[in-house]
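Colleague: I have a new structure open and would like to learn how to read it. Could you walk me through it?

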Amino acid sequence: MANSTLDLIPNDISWLKNSTKLIESKFIKYQSIQIYHPKNSSNFGDSDQRLLDFKDFYKFDNKKCFDAVLFYSECLRNIIPSNKKIYLCCVPSSKAYTKNTLAYLIGKLSAGTIIDGSELLVTIKNRPEKKKNYKFTNEELASTINVKGKYIPKDYQILLLDDVVTTGQSFDVCKKMIVEAGFNNQITCLALGYTARNWHPKTLADEVQVTNSSIEPINKSDYQRTPPKVTSGRFDDLKPNKLEIHKDDMSNKLKGKALLEKISGHSSSNIDEIVITCGYIKRKDNYGNAYPDFKKFNEALRTAKEKRYKYEEESEKTFEVKSKKLPKKVDDFKNYIKKKQIKENVKKKVKSFLSKIINFLIND
């Protein structure tokens, strides 16, 4: 299906709960739960910081970030019907083989007729940060993403999530890739936040009250907790690309001095990349996706720093001891040179004396 044809298809949100309370902009066709004011905007506030905390959940394992995840899980529970056949997926991270917070949340919310599709779209090549006044083309963005071989039941529709939508480009590209891979049922896009600097409408996020202390599936029926077994679907012909699967040696966890040296050599890299490069992987799936294990990485880093301090301290003591012995070694070396020079002088004198005796005998 041509991209221009896709552009003409409206983003149907009518089947979602509270759809009239979602933010709809006249500039793009995609809806969101709340407005997001950028950090450099004078309107930046608590709700905007909450969205940033949500995005940082995998980087910082703290209560503030988890509370943000819990909040948006409650928002989605107020929007996603529990009785619909939904394949729930998300726009992937900008970093290769890195799981983002939305993927984590989808895994928690999915059960019953709502299928976890968080690994349908995977970033296979890091996307560098956008420079000022520069935008990726759709082709450049698509070249960094792959549609994995996942089965989707034929009577299912896709709900594609993203954390923040600005121009809608990510939604456009991901929708096009899914359609080109063979899916021709409905695809609905929904973002948590829509970027606007000076817009303050009342949103669904203003009404949501969090009462749970944990994230529960949207479809909580006991008899529907296990997703239906799928034996055929839209992507039967897609297989994982073996070339994209990370090498086994990535699972070798670096420790101590080796860990610190590795981190130092990758100081300009993204934290997710550093953790994975050092071998701290929470899990790897059959499609080559690796997810960073921040908890074990931080424990190893803390231990490495402590050992390195002791190592440096011991090195200093060793140097002090060696430095005291150095003058003696220098004197010994000088004496050795002197003795060697004396021996050489004696050899020269003996050689000269013998030469004189031989000359005397010959001439005589």
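Colleague: What pLDDT does the protein chain average?

Modeller: This is a predicted model, and the protein chain averages a pLDDT of 80. In the chain, 77% of the residues score at least 70. Watch residues 222-251, though: the pLDDT is below 50 there. In the model, that stretch still has 66 contacts beyond near neighbours in sequence.

Colleague: Okay, on to strands. Which strands does β2 pair with, and in what sense?

Modeller: In a regular strand, side chains alternate between the two faces of the sheet. Here, β2 covers residues 31-36. β1, residues 23-24, pairs with β2 in the antiparallel sense over 2 bridges, and a hairpin of 6 residues joins β1 to β2. Strand β8, residues 187-195, runs parallel to β2, with 5 bridges joining them.

Colleague: Now helices. How many residues does α6 have, and what should they span?

Modeller: Helix α6, residues 169-180, has 12 residues, which at 1.5 Å a residue should span 16 Å. The end C-alpha atoms of α6 are 17 Å apart, and that agrees.

Colleague: Which residues of α6 are buried?

Modeller: An α-helix has 3.6 residues a turn, so residues three or four places apart point the same way. In α6, the buried residues include F171, C174, I178 and V179. Q169, V173, K175 and M177 are buried too. After α6 comes G182, with a positive phi near 125 degrees.

Colleague: Which residues other than glycine have a positive phi?

Modeller: Most residues other than glycine have a negative phi. N18 is in the loop between α1 and β1, while Y97 lies in the loop between β3 and α4.

Colleague: Are N18 and Y97 buried or partly exposed?

Modeller: N18 has 29% relative accessibility, so N18 counts as partly exposed. Y97 has a relative accessible area of 9%, so Y97 is buried.

Colleague: What about cysteines? How many disulfides does a search of the whole structure find?

Modeller: The search finds 0 disulfides. Take C189: the nearest cysteine sulfur is that of C174, 8.2 Å away. A disulfide needs the two sulfur atoms within 2.5 Å, and C189 is in no disulfide. C189 is also buried, with a relative accessible area of 0%.

Colleague: One last stop: what does K262 touch?

Modeller: K262 is found in helix α7, residues 256-265. Leaving out residues up to four places away in sequence, K262 touches L254, T277 and C278. The C-alpha atoms of K262 and I274 are separated by 8.3 Å, and these two residues are 12 residues apart along the chain.

Colleague: Are K262 and C278 buried or partly exposed?

Modeller: K262 counts as partly exposed, at 31% relative accessibility. Its contact C278 counts as buried, at 1% relative accessibility.

Methods. Residues numbered from 1 in each chain as written. Heavy atoms only, no water. Buried < 20%, exposed > 50% of the residue type's maximum accessible area, 1.4 Å probe, protein only. Helix = DSSP H or I, 4+ residues; strand = E, 2+ residues; numbered from the N terminus. Pairing = 2+ DSSP bridges. Expected span 1.5 Å × (residues − 1). Contact = heavy atoms within 4.5 Å. pLDDT = per-residue confidence, 0-100.
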